[in-house]
Amino acid sequence: MAKDACLSSQKLGCEVALRALQFDNRFVRELPGDPDVTLRRRQVLHACWSAVTPTPVRAPRVVAVSRDVADMVGFTPSDTDAAWFADVFGGNALLDGMSPYAACYGGHQFGHWAGQLGDGRAITLGEVVNARGARLELQLKGAGPTPYSRTADGRAVLRSSIREFLCSEAMHHLGVPTTRALSLVATGDDVVRDMLYNGNPRAEPGAIVCRVAPSFIRFGNFEILAARGDVALLEQLIDFTIARDFPQIMGDAQTRRAQWFADVCTRTAHMVVQWMRVGFVHGVMNTDNMSILGLTIDFGPYGWLDDFDPTWTPNTTDASHRRYRFGQQPAVAYWNLGRLADAVLPAFSDESAIEAGLALFRSVYAAEYDSMNRAKFGLVGRHDDDDALLRDGFALLYDASLDYTRFFRALGDLPDALPDDATATSLVGDIFYDDAKREQQDTALRSWLTRWHARVSVHQHDDVHARRARMHAVNPRDVLRNYLAQLAIDAAEVGDPSLVHTLLEVMRRPYDEQPEHVQFAARRPEWARSKVGCSMLSCSS
Ligand code: AMP
Ligand code: MG
């Protein structure tokens, strides 16, 4: 930072010397805002945002900070320990240079157009340009009502905030494009939620996560303008997004827009391939939860595969149709891109650019998905039998009810030679969820392992150490299993956030062995099979 300026925090009634952050709030500066500055719930027309300040909370207290993100934004450890930090990221104070707003967007929810949604409980504080010149939008989630809150309260509970905080960081360190999380602040206020929407509301501790991304623009920001026929503003938002969030794109307006749509399709394909690699199920892939930058956004009723089941979704709100099940995610992403395509079409002089973008999604997804799976199985080069080997491997994962994460890790750990008398169970370890299936499938699994072993050791003359390192680099040891997050939540709700801190640390190195933390790599324990929060989640958060 050029000068060690003292920024004052507003609303605190006192001036505190704070670290200088450079704000450059382009979204509110370059796009039209809503002239109404009240919290009255309303349809917001001809505007991309509404000015709104966080509603103060009773007793903001920092529960956890991601030091990686704090450092990236420009905060030192003494900043994040300071009282003003809890005030600012709990919504009780603003730093000079912040210009808070809620964005207007719409969306297709569960396949149906839902009209205006908008930031009902998210408030962007401002856009920081960090020391390396990167733009980082700071956004509070749960900071109180906005004009887009409809009938809801604008708040978030501790349990869902812990889930968002930990998962954002876990995803980043797994190498999955994602929004990040700076801080988790307990508000000291209660929030009433009916967790499973079954008539059992209860007061829960409230919390606020500050999430961080270069942009929080969603497919829905474009859809709402198209739905209202506001083509001039739609074009303005597209060109703004390209200029701010895709600065590498050059050329005349139509060339840029075509390249932009192609980039969005490519990034979305890449993101979903990465979800499939690590066994992540987003849970609510509505178009308002699709980032224009291809980042994983809005961590709600998400989950991680324990036993491999492509039909699984953790979201009980989606239980009847399972629209957002694991295996459906690429098809849904494509459908969502179709809704974005419909929305932005009026800004294109030639429909073929849109068609080319959608075709690009299909080809990029197919190619990246194929090479991702080949890497997971440790294959180098191509052999005629590879497709059958992978297909049979996935069938066994399902039929024998194997743990997805541990299976691939175990495969990478297999020794140079497989002893003839070794059972499958003795080779792969404790990765089974069903004793009957384990016994039934042992012979089939054993013979598949022999096939796989021949493929990697004979055909590609692999060195076992090199193969192990290569496979372990794409097959994580640690993922944020639902039951782990729930254990952290249970402890934090009674005042002990230490497991949140430990998991944050463990998830910073998800590909490393971490022998001091073996328990976190264990498959889901039996008690968690049907426990709320571990296998069942809803949108209530
Ligand atoms: P989600 O399912 O979390 O993506 O949310 C869908 C829409 O509901 C978005 O417009 C959110 O801002 C809004 N929303 C969700 N929870 C709340 C809440 N507690 N208060 C206000 N708006 C909310
Ligand atoms: Mg959302």
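Around ligand 1 there are 17 residues (a residue counts if one of its heavy atoms lies within 4 Å), and the closest are Gly-118, Gly-120, Arg-150, Gly-154 and Asn-289. This is a predicted model, in which local features need pLDDT of at least 70 and side-chain atom pairs pLDDT 80 or more, while totals for chains, interfaces and linings use all residues. Residues are numbered from 1 along each chain, chains are lettered from A and ligands numbered from 1 in the order written, and side-chain values use heavy atoms, without hydrogens and water.

Polar contacts here are pairs of N or O atoms within 3.5 Å. A polar backbone atom of Gly-120 is 2.8 Å from an oxygen atom of ligand 1, and one of Gly-154 is 2.8 Å from a nitrogen atom of the ligand. Asn-289 places a polar side-chain atom 3.0 Å from a ligand oxygen. Of the 480 Å² of accessible area (Shrake-Rupley, 1.4 Å probe) that ligand 1 has on its own, the protein covers 82%.

Ligand 1 sits in the largest pocket, meaning that more than half of its atoms lie within 2 Å of the pocket's grid points. A pocket is an open set of points on a 1 Å grid over the protein atoms alone, where a 1.4 Å probe fits, with protein on both sides within 12 Å along at least five of seven lines; lining residues have an atom within 4 Å of a point. Domain 1 (4-216) and domain 2 (220-376) both contribute to this lining, so the pocket lies between them; the bounds come from an automatic or database domain assignment.

Key: A polar contact is a pair of N or O atoms within 3.5 Å; within protein, one must be able to donate a hydrogen and the other to accept it, and residues adjacent in sequence count only if both atoms are side-chain atoms.
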